[in-house]
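The following note collects points on the model shown below, for a reader who wishes to check them against the coordinates.

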Amino acid sequence: MHLNNTVTEFILLGLTQDPVRKKIVFATFLLFYLGTLLGNFLIITAIKTSRTLGSPMYFFLFYLSLSDTCFSTSIAPRMIVDALLKNTTISFNECILQVFSFHFFGCLEIFILILMALDRYVAICKPLHYMTIMSPRVCGVLVAVAWVGSCVHSLAQVFLALSLPFCGPNVIDHYLCDLQPLLQLACTDTYVINLLLVSNSGAICTVSFVMLMFSYVIILHSLRNHSAEGRRKALSTCVSHIIVVILFFGPCIFIYTRPATTYPMDKMIAVFYTLGTPLLNPLIYTLRNAEVKNAMRKFWSKKLVSDDK
């Protein structure tokens, strides 16, 4: 930790300071968060209890829903409670912990999306070797690598945050602790740290997005050789993946690949990928996937039967 820090806590301004709007923020994001928990819980439960959802795609979807739930939980509960309070402060240590958890689960989501694209590529372009290449052991190792990579990324963010000296200003014009708003408060030249931030978070977002879109172009191109039914099913799966990728990466690239300047719209854009995407992901995957919908129906019918007994 930087030795000349005199700041022990930060004041979070949140999305708004207006008392009426704060109540609207509370009600809206409480519903968002409950919807996120419910949607992702249903997917996690359906995958764990269904015998028909045992393929690698659903193995990765399980971890995407898990990372979505944890990603949202690292931000939403505090934001919801803060909307009810007049003065919202966060201690220096809590702020650093939020930076770590926010980046850890956000980065994990990126890596899981890459693994899901890899899975679709192998399934569509190398169907005869699919079960050999994407064996349970390989999938387990890939997810473990994703967890380790996320940890390395988030520790780098924490290291950057701890290297910043804070010696007075402590008002964060945001609803969460992140490197961009913290850079505005540091009493030192942050040019080098911002370059490191762009080369870390910015590069992960941009390179991953380009890789994912390129992989889906290859996948969609290869669908020409499939039957009409095979094309329809693969296209439905890929389109849902592409929608999720664009919704998550668009705002991330906007926030993390530019100089150390903050805009008033940053908070609303951050809302979109921190709270909007984890809520939309379960809807996108379930509404466009008959197998997941059937597994959920079976789970609920079993639950209703067991409750009646």
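1. The disulfide between Cys 95 and Cys 177 is left-handed, because the torsion about its S-S bond is about -115°. The two sulfur atoms are 2.0 Å apart, where a disulfide is a pair of cysteine sulfur atoms within 2.5 Å. This pair links distant parts of the chain, 82 residues apart: Cys 95 belongs to helix 4, and Cys 177 to the loop between strand 3 (171-172) and helix 7 (179-185). Helices (H or I, at least four residues) and strands (E, at least two) are DSSP runs numbered from the N terminus.

2. The model is predicted: local features need pLDDT of at least 70, side-chain atom pairs count only at pLDDT 80 or more, and totals for chains, interfaces and linings use all residues. Residues are numbered from 1 along each chain as its sequence is written, and side-chain values use heavy atoms, with hydrogens and water left out.

3. Are Cys 95 and Cys 177 buried or exposed? Cys 95 is buried, at a relative accessible area of 0%, and Cys 177 is likewise buried, at 0%. Here buried means under 20% relative accessible area, exposed over 50%, and partly exposed in between (1.4 Å probe, protein chains only).

4. A disulfide also joins Cys 167 to Cys 187, with an S to S distance of 1.9 Å. Cys 167 is in the loop between helix 6 (136-162) and strand 3, and Cys 187 in the loop between helix 7 and helix 8 (191-222), so the bond ties together parts 20 residues apart in sequence. Cys 167 is partly exposed at 40%, and Cys 187 is partly exposed at 34%.

5. Cys 151 is in no disulfide, and the nearest cysteine sulfur, that of Cys 107, is 10 Å away. Cys 151 is partly exposed, with 28% relative accessibility. Cys 252 is in no disulfide either; the nearest cysteine sulfur, that of Cys 205, lies 4.3 Å away. Cys 252 is buried, at 3%.

6. The largest pocket has a volume of about 460 Å³. On a 1 Å grid over the protein atoms alone, a pocket is an open set of points where a 1.4 Å probe fits, with protein on both sides within 12 Å along at least five of seven lines; lining residues have an atom within 4 Å of a point. Of the 18 lining residues, Arg 120, Lys 233, Ala 234, Thr 237 and Glu 291 are the closest to the pocket centre.

7. Which helix gives the most to the lining of the largest pocket? Helix 9 does, with 6 residues. Helix 2 (56-73), helix 4 (92-125), helix 9 (228-256) and helix 11 (290-308) each supply at least two lining residues.

8. Helix 4 packs against helix 6 at an angle of about 145°, with the axes 8 Å apart. Axes are lines fitted to C-alpha atoms, for helices over the stretch in contact, and angles run from 0 to 180 degrees between N-to-C directions.

9. Gly 39 is located in helix 1 (residues 19-49) and is buried, at 16% relative accessibility. The C-alpha atoms of Gly 39 and Pro 282 are separated by 5.4 Å, although these residues are 243 residues apart along the chain.

Definitions and conventions
Grid points are joined across faces, edges and corners, and a volume is the space filled by probe spheres set on the points.
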